[in-house]
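This report covers the fold, the strand pairing, the charged pairs and the aromatic pairs of one protein. Please have the sequence and the model open while reading.

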Amino acid sequence: MRTDVRFPANGPQLAGHLYLPDGVDGPLAAIVVGHPTTGVKEQAPATYATRLVKEGFAVLTFDAAFQGESEGVPRGLEDPFQRAEDFRAAVTYLTTRPEIDPDRIGVMGVCGSGAYAPYAAQTDHRMKAVAGVPGTDVPSFFRGADPEGRQQMVANTGNLRSAEAARPGVGSRYCGRPWCPAGWLLCDR
């Protein structure tokens, strides 16, 4: 059985699907499954959820903040710190469900989420198991595709950020976070 759910994640409301096995009484062990970069919960996570539910697990899939049916702007933003927070928020949500055993919650990241899940688990020991399903070595792809072009892109980006920060009143709005989802040049925190 699949139920549409929503839960907060440090601001944005995330859209998720909670899968429960038919005919199995709780409290159940649960697995949070995160989607690949640029993916959504209906893709790879749904495939894993279908299989895991047949094995008797409850499964929560979700769209990351800024993506899919979840809230957040700019749309499509890939914020590593928020992605880790999304996993923590999903675990928090599961602990509120009576059919879930809060001491038996694991997380699984597919592709890009395969790095976010263990990162989140470092600071949230409610995650009792962690799994990653890597799709590709993205950094090697970017370094190997066009090294000179990438170096020029990085240099140009740095120059643009420095020029923007030098504008009167802009640099003073930097919030101090290592990475700001609002865009460090536009942050008003």
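## Terms and basis

Two strands pair if DSSP finds at least two bridges between them. Helices (H or I, at least four residues) and strands (E, at least two) are DSSP runs, numbered from the N terminus.

This is a predicted model, in which local features need pLDDT of at least 70 and side-chain atom pairs count only at pLDDT 80 or more, while totals for chains, interfaces and linings use all residues. Residues are numbered from 1 along each chain as its sequence is written, and side-chain values use heavy atoms, with hydrogens and water left out.

## Overall fold

The protein has five helices and six strands. Their order along the sequence is β-β-β-α-β-α-β-α-β-α-α. Contact here means heavy atoms within 4.5 Å. Of the contacts between residues at least 6 apart in sequence, 61% join residues at least 24 apart.

Burial is given as relative accessible area: buried means under 20%, exposed over 50%, and partly exposed in between (1.4 Å probe, protein chains only). By that cut-off, 40% of the 189 residues are buried. Accessible areas come from the Shrake-Rupley method with a 1.4 Å probe, and for residues only the protein chains shown count as cover. The protein exposes about 10,200 Å², with carbon and sulfur atoms supplying 57% of this area.

## Strand pairing around β2

Strand β2 covers residues 13–19, and six of its seven residues are buried. β2 pairs with β1 in the antiparallel sense over seven bridges. Within this pairing, L14 of β2 is the bridge partner of F7. The hairpin of β1 and β2 has four residues between the strands, and N10 takes a positive phi near 55° there.

β2 also runs antiparallel to β4, to which four bridges join it. Here L18 has L60 in β4 as its bridge partner. As background, in a regular strand the side chains alternate between the two faces of the sheet.

## Salt bridges

A salt bridge is a side-chain nitrogen of Lys or Arg within 4 Å of a carboxyl oxygen of Asp or Glu. The whole structure holds nine of them. In one of these, D63 bonds to K41 with the closest N and O atoms 2.6 Å apart. D63 lies in the loop between β4 (58–62) and α2 (80–95), and K41 in the loop between β3 (28–34) and α1 (44–54), so the pair ties together parts that are 22 residues apart in sequence. Both ends are covered: D63 is buried at 1% relative accessibility, and K41 is buried at 0%.

R83 forms a salt bridge with E78, again with the closest N and O atoms 2.6 Å apart. R83 is buried at 2%, whereas E78 is partly exposed at 23%. In the salt bridge between R88 and E85, the closest N and O atoms are 3.3 Å apart. R88 and E85 both belong to helix α2 and sit three residues apart, about one turn of the helix. R88 counts as buried at 17%, and E85 as partly exposed at 23%. Elsewhere, salt bridges with shared partners join K41, E42, D63 and E69 into one network.

## Aromatic pairs

Rings of Phe, Tyr and Trp (its six-membered ring) pair if their centres lie within 6.5 Å; planes under 30 degrees apart count as stacked, over 60 as edge-to-face and the rest as tilted. The structure holds four aromatic pairs. For F7 and F62, the ring centres are 6.4 Å apart and the planes stand at 75°, so the pair is edge-to-face. F7 lies in strand β1 (residues 2–8) and F62 in strand β4, so this pair ties together parts that are 55 residues apart in sequence. F7 is buried at 2% relative accessibility, and F62 is buried at 1%.

F7 also pairs with Y93: the centres are 5.2 Å apart and the planes at 20°, so the pair is stacked. Because F7 lies in strand β1 and Y93 in helix α2, the pair ties together parts that are 86 residues apart in sequence. Both F7 and Y93 are buried. One aromatic cluster is formed by F7, F62, F87 and Y93.
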